Amino acid sequence: MNGENKNNLVWSLIAVILALGIILSSTIVTNGIIKMKAGDKTITVTGSAKKQIKSDLVTWRGSFSAQSAQTADAYAKLKLDLEKVKKHLVSKGIDEKDIIISSISTNPYYVVLPNGMYSNEIASYRLEQRVEITSSDVEKITAISREATDLINEGVEFQSYPPEYYYTKIADLKVDMLGEATADAKNRAMQIADGTGSKIGTLRSARVGVFQITPLYSTEVSDYGINDTSTIDKEITAVVTCNFEIE
């Protein structure tokens with residue numbers, strides 16, 4: 001065999017080897033894709049459920065204070081104001097035993113120097129107490145919170161804070177809503193599967209999201225969940241992410 005024929009034979013063998021390599025590689029890649037598709041016969045869908053709820057518990061807080069150069073004078077004024085606050089609340093239908101009064105907090109105010117700096121000399125003392133009421137009579141306490149500033153007309157330095165509204169049956173409601181959210185996820189999965197000529201099979205897994213308790217018609221969402229206490233009427237949203245087999 002001459003040199004030219006040898007070279008042709010070598011190049012022919014190389015071509016055959018390369019061709020086999022390409023075919024083998026294509027077969028491996030194709031089989032991999034087929035296996036991946038065959039093993040991925042599932043669908044993941046998120047379902048949700050919403051309910052409107054009305055708060056059945058309210059907590060309201062207010063504070064009143066007195067200020068004087070002498071702590072004794074401030075204390076005497078605060079003591080008189082406390083009696084006025086209690087009398088006012090009782091007149092609104094609140095049982096005195098349901099009125100929680102905090103301990104007295106004392107804050108000194110220092111003399112301001114001509115240069116705007118504070119000195120070590122105390123100019124006056126400000127004493128403050130807080131009042132708190134928790135009740136299931138949401139409407140009554142809401143009205144009282146709005147009218148509490150009438151105490152100012154009686155010489156009481158009173159400040160009313162926004163009531164905080166709660167729903168005490170959340171735990172029971174969550175169970176039902178999770179079932180509704182799961183059913184919603186299944187319906188969504190069925191609609192998607194029908195479009196591809198498939199059917200939904202067994203539920204493989206379900207992951208519960210955080211509950212969102214928001215004011216009505218709010219679109220606010222948080223990864224950590226929301227628990228609105230600013231409104232009487234609220235909306236609770238439950239979210240469940242489900243993974244279904246496809247048949």
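The model is predicted, so local features need pLDDT of at least 70 and side-chain atom pairs count only at pLDDT 80 or more, while totals for chains, interfaces and linings use all residues. Residues are numbered from 1 along each chain as its sequence is written, and side-chain values use heavy atoms, without hydrogens and water.

Strands are DSSP runs of E with at least two residues, numbered from the N terminus; two of them pair if DSSP finds at least two bridges between them. Strand S5 covers residues 118–135 and is joined to S2 (residues 57–68) by 11 antiparallel bridges. In this pairing, Gln-67 faces Arg-126 of S5.

S3, at residues 100–101, also runs antiparallel to S5, with two bridges; Ile-100 is opposite Glu-132 there. Seven bridges link S5 to S4 (residues 105–112), again antiparallel, and Ser-105 has Glu-128 as its bridge partner in S5. S4 and S5 form a hairpin with five residues between the strands, where Gly-116 has a positive phi near 90 degrees.

Tyr-110, Val-112, Tyr-118 and Ile-122 make a nonpolar surface patch of about 400 Å². Patch residues have over 30% relative accessible area and no salt bridge, and nonpolar side chains (Val, Leu, Ile, Met, Phe, Trp, Tyr) are joined within 5 Å, like charges within 9 Å. A salt bridge puts a side-chain nitrogen of Lys or Arg within 4 Å of a carboxyl oxygen of Asp or Glu. Both S4 and S5 contribute at least two residues to the patch. Val-112, in S4, counts as partly exposed because its relative accessibility is 47%, between the limits for buried (under 20%) and exposed (over 50%), with a 1.4 Å probe and protein chains only.

Terms used. Helix = DSSP H or I, 4+ residues; strand = E, 2+ residues; numbered from the N terminus. Areas by Shrake-Rupley, 256 points an atom, 1.4 Å probe, with all protein chains shown as cover.
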